[in-house]
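Reader: Please take one part of this protein and look at it closely. I would like the helix packing first, then whatever surrounds it.

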Amino acid sequence: KIHAIWLRNDFRIQDNPAVWNAYNQAEGDDGELLFFFHLHPDFLSSITQSNDYFFQTLQTFREYLKENNIRLQFLHGDPEKAFKKLLDVKGLASVSYAKDYTPFAKKRDELVTEMLRKKEIDVHACRGNYIHEPFEITKKDGTPYKVYTPYSKQWMQQDKNEIIKLEIEELAALSPQKAYLDKEAVAYFDEQVLPKCKRNWKRLGEEEAQKRMKHFLSGRVDHYDDMRDTPSKAGTSRLSPYLRTGAISARQIEQAIARKQSQTKGAETYIKELAWRDFYAMILHHFPETETKEFQEKFRSLDWNKDEDLLQAWKDGKTGFPIVDAGMRQLNAIGWMHNRLRMITASFLTKDFQIDWREGEAYFREKLIDHDPGSNIGGWQWAGSVGTDAVPYFRVFNPTTQSKRFDKEGEYIKKYVPELKDVPKKYIHEPHTMPESVQKEAGCIIGEDYPDPIVDHSEMRKRAIALYEEAKGD
Ligand code: FAD
């Protein structure tokens with residue numbers, strides 16, 4: 001009998017419930033394992049920076065399996081057609097996969113499950129990459145939470161799952177090197193997808209994720225609460241791209257922290273961030289309409305600004321607000337942006353430009369190597385004051401104040417906006433206030449080398465508040 005493992009965004013062996021489940025099935029009936037990945041056309045139309053990272057992580061995992069004599073196979077095309085090839089595999093007894101709660105995945109999984117069950121193939125939808133699955137933490141009456149704090153209290157109290165340990169050799173013993181599936185799909189991945197993934201990412205995959213986690217937990221986590229808001233310092237774990245590709249599981253991180261001898265405030269704060277990740281996945285699961293619509297219905301009629309030039313300036317990091325520009329350039333350069341900067345840039349787009357949060361969300365989706373639908377939508381709706389626990393619309397971030405507070409010395413700005421590297425500290429947050437002589441000395445002429453502020457913040461703040469009030473009907 002053959003037991004298939006459908007890998008999706010869980011490129012790891014350790015603590016992988018789908019792999020573990022299929023392994024147990026195969027062990028139980030002397031069966032064989034079949035690892036496969038489905039190349040969905042929706043993800044292949046253009047190889048974004050985000051997909052580039054994803055597919056290269058997939059390839060890293062494939063190579064790791066290969067080194068251990070396990071072949072990763074492929075399906076390609078619309079699910080209805082692609083999965084017929086799986087149904088053709090003689091002896092196919094079960095398919096295991098890790099649950100994914102995005103509207104896209106749920107729809108696809110429903111369809112495929114129906115196809116498989118019709119042919120009497122067992123389908124095992126296993127735990128996803130969360131500490132608590134979206135349906136595990138609910139209010140007493142069984143309805144979902146809509147606010148983070150009470151959710152997180154229950155999240156903290158609930159028992160946590162132990163991680164699953166499995167040796168790759170045990171899997172290899174059950175994985176004959178047979179090409180069960182579509183050879184064309186393999187060729188498609190090798191010839192059409194991989195060659196387009198050209199970015200030189202470093203430290204991909206499961207082993208690197210483990211190293212990074214251990215490094216972070218060996219010291220930095222204890223200072224997380226003090227350091228996490230300083231973008232010029234490596235104060236956060238940078239584990240998000242590994243979580244997104246499933247090179248590490250959230251449980252592995254949580255359990256490693258729980259096993260630490262000293263439980264510091266830093267570690268406590270860090271765990272709460274992992275709870276935010278579960279919270280936003282839960283919100284998207286229970287309120288799938290928030291994928292495209294504001295959680296707060298009263299703001300669904302907001303009359304957003306459609307200025308393409310402003311949007312482009314924001315994307316390019318050319319707004320004349322150094323902290324905003326540095327954030328956007330970090331995103332464009334490395335596919336990751338510090339959380340503080342995600343808040344600042346998202347607030348800037350929605351409040352200072354009054355541009356639709358969906359525009360920003362889509363841009364982040366394309367660029368972020370840690371793109372996670374729940375967290376991205378949640379983060380954008382938070383910053384745009386239209387989400388669950390959103391920042392109130394009248395509390396508009398002042399980019400200059402944020403800059404002075406979180407990048408006091410301008411180190412982060414100078415790293416990502418090189419034209420400002422010789423600007424004196426005094427002017428780094430507002431370079432347009434530099435006298436001409438200082439501009440010359442710093443080799444940065446405002447209006448030529450670096451733009452004047454593209455908007456007047458205090459004016460835009462008033463406009464934003466009026467816009468929200470109009471939508472709300474006050
Ligand atoms: P750490 O500070 O080390 O946190 C550890 C982990 O906790 C993170 O890896 C992440 O999984 C989780 N986490 C931390 N903060 C949050 C948060 N606010 N919401 C949800 N989970 C959190 N995170 C994503 O993983 N993918 C996204 O697409 C994403 N888009 C965002 C968009 C906006 C507008 C905002 C404001 C935030 C977004 N976040 C997103 C949340 C957060 O910015 C990142 O998770 C964090 O910066 C990742 O870096 P890290 O691993 O060093 O985080």
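Author: Start with a pair of helices. α11 passes α12 in a left-handed crossing. Note that this is a predicted model. The helix α11 covers residues 250-258, and its axis lies 11 Å from that of α12. The packing angle is about 160°. Angles over 145° count as roughly antiparallel, so α11 and α12 are roughly antiparallel to each other.

Now the residues. From α11, the contact is made by A250, I253, E254 and I257. From α12, it is made by A267, Y270, I271, L274 and R277. By class, the contact of α11 with α12 holds seven nonpolar residues, two charged ones and no polar ones.

Stay on α12, which spans residues 265-286.

The contact of α12 with α17 has six nonpolar, three polar and one charged residues.

Next, follow α17 to α15. The axes of α15 and α17 come within 8 Å and cross at roughly 55°. That makes α15 oblique to α17. The crossing is right-handed. On the α15 side, the contact is made by R342, M343, A346, S347 and T350. On the α17 side, G379, W380 and A383 make the contact. Sorted by class, the contact of α15 with α17 has four nonpolar, three polar and one charged residues.

The shell around the ligand takes at least two residues from each of α10 (240-245), α12, α15 (339-352) and α17. In total, 26 residues surround the ligand. The closest are T236, S237, S240, N376 and G379. Of these, G379 also sits in the contact of α15 with α17. The shell around the ligand divides into eleven nonpolar, eight polar and seven charged residues.

Which domains supply this shell? At least three residues come from each of domain 2 and domain 3. The domain assignment gives domain 2 as 129-161 + 206-286 and domain 3 as 297-472. It also gives domain 1, which runs over 2-128.

The C-alpha centres of domain 1 and domain 2 lie 26 Å apart. Their contact takes 16 residues from domain 1 and 17 residues from domain 2. Helix α2, residues 49-67, gives the most to the side of domain 1 that touches domain 2, with three residues. By class, that side of domain 1 has six nonpolar, five polar and five charged residues.

Back to the helices, in brief. α15, α17 and α12 each supply at least two residues of the shell around the ligand.

Notes
Residues numbered from 1 in each chain as written. Predicted model: local features only at pLDDT ≥ 70, side-chain atom pairs only at ≥ 80, totals over all residues. Axes fitted to C-alpha atoms, helices over the stretch in contact; angles between N-to-C directions. Helix = DSSP H or I, 4+ residues; strand = E, 2+ residues; numbered from the N terminus. Nonpolar A, V, L, I, M, F, W, Y, C, P; charged D, E, K, R; others polar. Near = placed C-beta within 6 Å. Domains from an automatic or database assignment. Parallel < 35°, antiparallel > 145°, perpendicular 65-115°, else oblique. Left-handed = near helix turned anticlockwise from the far one by under 90°. Contact = placed C-beta atoms within 7 Å.
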